[in-house]
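Please examine the sequence and the three-dimensional structure shown below. The paragraphs that follow lead through the structure step by step.

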Amino acid sequence: MSVALVDSMSSARNGRLFVEDSDLTELADQFGTPIFVLSAARLRDNYHHLESAFADRWPEGGVRVLPAFKAAPYLAVRQILSQLGAGCDTFGESELEGALRGGTDPSLISVNGSIKSREVCLLYTSDAADEGL
């Protein structure tokens, strides 16, 4: 078997591209194209590197990473980030709902922007109240 590493999470094996152990040709056949595939291991790795880089250089105390929901508006990505302890930066009701549905701790959600609908304020404050914040 011919294997060429593309990077630490991707490889070409006998002329087929893999992300981790997933054959992208098989995924395309199963789900159609275009298809969006990412490496959960790479996401975790990148998160830990980012968190460490900030923590190593911030002498004032703890560091919390709050990736913007709009940077990757996929619940599966959000769930992985939430499992890692990441917060979430949101703007608007749909992003706030996505962060909450993705398992983000409500105390680690930043709701940004100057104009908030009543619904966003109620949703955010009711979830915070449910968490005892």
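Why does Glu 20 count as partly exposed? The model is a predicted one, and in it Glu 20 has a relative accessibility of 32%. Buried means under 20% and exposed means over 50%, so Glu 20, at 32%, counts as partly exposed. Glu 20 is located in the loop between β3 and β4 (22-23).

The backbone at this residue also deserves attention. Most residues other than glycine have a negative phi, and most peptide bonds are trans. Glu 20 is not a glycine, yet its phi is positive, at about 55 degrees. Asn 14, which is likewise not a glycine, has a positive phi of about 50 degrees; its place is in the loop between β2 (10-13) and β3 (16-19). A cis peptide bond, with omega near 0 degrees, runs from Thr 33 to Pro 34, and Pro 34 belongs to the loop between α1 (24-31) and α2.

The largest nonpolar core has seven residues: Leu 43, Tyr 47, Val 65, Val 77, Ile 80, Leu 81 and Ala 86.

Within α3, the residues Val 77, Arg 78, Ile 80, Leu 81 and Ser 82 are buried. The buried residues of this helix pack against α2, β5 (88-90) and α4 (93-101). Just after α3, Gly 85 adopts a positive phi of about 95 degrees, and Gly 85 is among the residues that Tyr 47 touches.

Conventions:
Residues numbered from 1 in each chain as written. Predicted model: local features only at pLDDT ≥ 70, side-chain atom pairs only at ≥ 80, totals over all residues. Heavy atoms only, no water. Core = buried A, V, L, I, M, F, W, Y, C linked by side-chain atoms within 4.5 Å. Buried < 20%, exposed > 50% of the residue type's maximum accessible area, 1.4 Å probe, protein only. Contact = heavy atoms within 4.5 Å. Helix = DSSP H or I, 4+ residues; strand = E, 2+ residues; numbered from the N terminus. Lists of a residue's contacts leave out its neighbours within four places in sequence.
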